[in-house]
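Good morning, and thank you for joining this group meeting.

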Amino acid sequence: MDELLAEPGREPLNPRRGDIVEGIVVHWSGSALIVDVGAKSEGVVHYEEMRSLTDTEREALKTGDAAHVFVTDSESEGGSLELSIDRARGEQGWHELQRRFDEAEVFDARVTGSNKGGLLVNVEGVNAFVPLSQIVEITGDREQAIAQLSEYEGRTLRFKVIEINRRRNRVILSERAAVQEWRAEQKERLLEELQEGEIRSGRITSIRSFGVFVDLGGADGLAHLSELSWERDVDPEAMFSIGQTIDVYITKIDKESKKIGLSVRRAAPEQWDEVVAKFEVGDIVPSVVTKLVTFGAFARLEGPVEGLVHVSELADRRITHPREVVLENDVIPAKIVRIERDRHRLGLSLRQARTDAERLGWMFNQDGGIIRMPDDVAERFGVTQEAMPEAPPEPEPTEEPSRVADDAQPEPAPEPVRAVSAMQEALERAGVTEQDFGGER
């Protein structure tokens, strides 16, 4: 210091309270930082005035490093300056936060603590607050949400300034707004990057009765219920859990509506291929009807493989709905008429299977419905059917009915009885005749 002061034209500075100056680290004891700011005496930054530094930043401090400090007291009892890195950062931080607010910038910051209302975050030396409602992954009621806050301390999250008031020393941040904006940007990128037909890995973010939403790295796609498994009537909540990583097949990309269609089952086609490899076009395969739709009936063959029996392939007659021939859970003989390996589809026919099925022991009614199946098929599918009745005995001959004599005549029918109305009887008893009415009734 004496050598520096001895340099020509070099005079010591006289920093005052409230000044922000740049100094040089002279010594770091682990609890206090000694900084030369060019004054007659060196300044001290106590540990409590450098909380805005991360552990890594504090550990990296060494002699000769530059440091911006805020002068909190220029006349301490020991004669040294009282300095603060936090206050220096704060003054600069307010300007930086105002800029980020004006430009709606999204940035990363570290959570320093929490209270019952939300998270505490230090941004450029300024203490900011994140309300519970602005935290993305908080779940449950208020008590459960508060219990989760302590888990955030020390984590670095993405934020956006949604309110700033320097006079009231108030800065409100939102993780939710930042994530929404960031995801919107990522979705635009993904919509250009993704290709239909490719397989991607993603994380399940939501499970609904109609399917699951999967995050592909900034944008969610929907795997509909029908695309979760090769089997039907599956329960999404029983199959998956939030946060689970799965492979999905990109089925559709709609850039106008910004929607991404996904399939879980098509991401693992080997299961379908292995089962279908056992069949050939023309095979008659016992199948279970799983669902009826206006255009046909879906039937499950072996394992997870299903095919469609088109309404025109159910019977030889014209029908308006599949229920006229089959019902759900019916076991039917289905003839494989088409195998589309690239689209993982099977075309089946009950109508074309009838002739061959009858030779195998199947029985049909006149409308084309199944009335009986082979015993081995019934046993395999757990179907109970009544035993076939034995042939009824021949009727015994009856005696020849007695012949009626040719001269026998039927008894004559009794004379019809003339009905007399109650009114007429009453008139006659009163001595009133038709002539009294001019001969008219």
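I begin with a pair of charged residues: the side chains of Glu193 and Arg200 meet in a salt bridge, at 2.8 Å from N to O. A salt bridge here is a side-chain nitrogen of Lys or Arg within 4 Å of a carboxyl oxygen of Asp or Glu. In general, side chains of opposite charge can pair when their charged atoms come close.

Before I continue, please note that this is a predicted model, in which local features need pLDDT of at least 70 and side-chain atom pairs count only at pLDDT 80 or more, while totals for chains, interfaces and linings use all residues. Residues are numbered from 1 along each chain as its sequence is written, and side-chain values use heavy atoms, with hydrogens and water left out.

Is Glu193 buried, partly exposed or exposed? Glu193 counts as partly exposed, at 36% relative accessibility. The terms are set as follows: buried is under 20% relative accessible area, exposed is over 50%, and partly exposed lies in between, with a 1.4 Å probe and protein chains only.

Arg200 itself is found in strand β11, residues 199-208. Helices (H or I, at least four residues) and strands (E, at least two) are DSSP runs, numbered from the N terminus. The side chain of Arg200 also has a polar contact of 3.4 Å with that of Glu198. A polar contact is a pair of N or O atoms within 3.5 Å; within protein, one must be able to donate a hydrogen and the other to accept it, and residues adjacent in sequence count only if both atoms are side-chain atoms. Neighbours within four places in sequence aside, the contacts of Arg200 include Leu190, Leu216 and Ile246, where contact means heavy atoms within 4.5 Å.

How many salt bridges does the structure hold? The total is 25. One of them joins Asp55 and Arg58, at 2.6 Å from N to O. Both residues lie in helix α2 (residues 55-60), three residues apart, about one turn of the helix. Arg58 is buried, with a relative accessible area of 10%.

Another salt bridge links Arg99 with Glu96, the closest N and O atoms being 2.5 Å apart. These two residues are three apart in helix α3, and therefore separated by about one helical turn. Arg99 is partly exposed at 30% relative accessibility, and Glu96 is partly exposed at 23%. Both belong to a network of salt bridges that links Glu96, Arg99, Arg100, Glu103 and Glu105.

A closed barrel of five strands runs β1-β2-β3-β5-β4, with mixed pairing; two strands pair if DSSP finds at least two bridges between them. Neighbouring strands of this sheet are turned by 55° against each other on average, direction ignored. Strands β3 (residues 43-46) and β5 (residues 81-84) pair in the parallel sense over three bridges, and Val45 stands opposite Leu83 in β5.

Thr72 has its place in strand β4 and is buried, at a relative accessible area of 17%. Its contacts beyond four places in sequence include Glu82, Leu83 and Arg87.

Finally, the whole chain: the secondary structure comes to ten helices and 22 strands. Of the 441 residues in the protein chain, 37% are buried. Thank you for your attention.

Note on methods: Axes are lines fitted to C-alpha atoms, for helices over the stretch in contact, and angles run from 0 to 180 degrees between N-to-C directions.
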